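Q: Before we look at any single feature, could you take me through how such a model is read, one idea at a time?

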Amino acid sequence: MALHCAIKLGIPNAISRCGGAASLSELHAALPVAPTKRPCLSRLMRFLAVSGIFKEDDTNPSQGSDENAGVVRYRLTALSRLLVDDNGGGHACLSPSIAGCFAPICCMASLRLAEWLETEDCGAAAAAETPFMMAHGTDVWGMICGDAEMGAGFNEAMQSDSRFVAGIMVRECREVFAGVRSLVHVGGGDGTMVKAIAKAFPHVRCSVLELPQLVDGLQADDGKVEFVAGDLMEFIPPADALLLKFILHDRSDVDCVTILKRSMQRSYFCRGTKRKGSVTSKQTLEAQLLMDLMMMVLMTGKERGEEQWSRMFMEAGFTRYKIDQSHLGDSFTN
């Protein structure tokens, strides 16, 4: 709630424009907060500071001056810097992605979780595969296709996350692309991810597989990225490597096996599993479990461990696999 409010008000951007630290009076001048509500802003900022989103600094910014003595200033942290929009300057901004998690339709779906858990999967209730369907009468994809505003918000959130992940990938996972001549991003949206890959690795011929209705409005990136129309449940183009980002975790085991069967004889890079014996921080584990809960509310998928992946690989016809823990999650090969 507080984080969503901070993003919608533009607090990270306002602090950034003030040089990375801002007093309450500076925030009052920069933010669209009604004068009568300004006392509430200090309460919000105190909570966000205690939560680690911002850092509260009550040291005198102008030593020797009594004018600013005791003025509390709120500074950006490593976390809140990721929420700053630099207007195309190359810095990844996760605000659209984070804000999307707090969309009213998602919150409404989460409030139906208890009712959904109490309902047997029989009769008329069989249609409600998820709490989201129980709340809205359709699944997430149906809502995105039928609501232009939600569709635009979803695309913006995915672009935000893709820019962030692509930045890490091209900086820290360069060895993954050694020997790769072609790559297809399955369900890659507008190509944000592969455009970054194509720029960093010119030797890799990059393509995006997306639904026909989405591909029609997309433009190739000066010949560097090709858009292919198709349904990943029916067809996946051949390539040295396939990129599946946020694809398998939001689908059922049955659908995942179907996708893996379509993807045989290729290499894959995916996110979301945990290797046995690997060290996971408390924050990472919390993030994984939160994503798993989100999948239960919104989709038919889930976050999976190695035993679950192994079973699906074998069912799809893989004779062997390798899970390689990296900054992005794991990769696997057949």
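A: We begin with burial: a residue is buried under 20% relative accessible area, exposed over 50%, and partly exposed in between, using a 1.4 Å probe and protein chains only. This is a predicted model, in which local features need pLDDT of at least 70 and side-chain atom pairs count only at pLDDT 80 or more, while totals for chains, interfaces and linings use all residues. Residues are numbered from 1 along each chain as its sequence is written, and side-chain values use heavy atoms, with hydrogens and water left out.

Q: Is S97 buried or exposed?
A: S97 counts as buried because its relative accessibility is 16%. This serine is found in helix 6, residues 95–101, where helices are DSSP runs of H or I with at least four residues, strands are runs of E with at least two, and both are numbered from the N terminus.

Q: Which residues does S97 touch?
A: Contact means heavy atoms within 4.5 Å. Not counting residues up to four places away in sequence, S97 touches A157, S160 and D161.

Q: At what angle do helix 11 and helix 12 pack?
A: Two packed helices are described by the angle between their axes and the distance between the axes. Axes are lines fitted to C-alpha atoms, for helices over the stretch in contact, and angles run from 0 to 180 degrees between N-to-C directions. Here helix 11 (residues 148–172) and helix 12 (residues 192–200) pack at about 25°, their axes lying 8 Å apart. Helix 11 is therefore roughly parallel to helix 12, a term for angles under 35 degrees, whereas those over 145 are roughly antiparallel, 65 to 115 roughly perpendicular and the rest oblique.

Q: Which residues of helix 11 and helix 12 meet?
A: From helix 11, Q159, S162, R163, V165, A166, M169 and V170 meet T192, M193, A196, I197 and A200 of helix 12.

Q: Where does I259 lie, and what is in contact with I259?
A: I259 lies in helix 14, residues 253–262, and counts as buried because its relative accessibility is 0%. Leaving aside neighbours within four places in sequence, I259 is in contact with L232, M233, I236, L244, I247, L248 and R251. The C-alpha atoms of I259 and M233 are separated by 5.9 Å, although these residues are 26 apart along the chain.

Q: How many helices and strands does the protein chain have?
A: The protein chain has 16 helices and ten strands, and buried residues make up 42% of its 334 residues.
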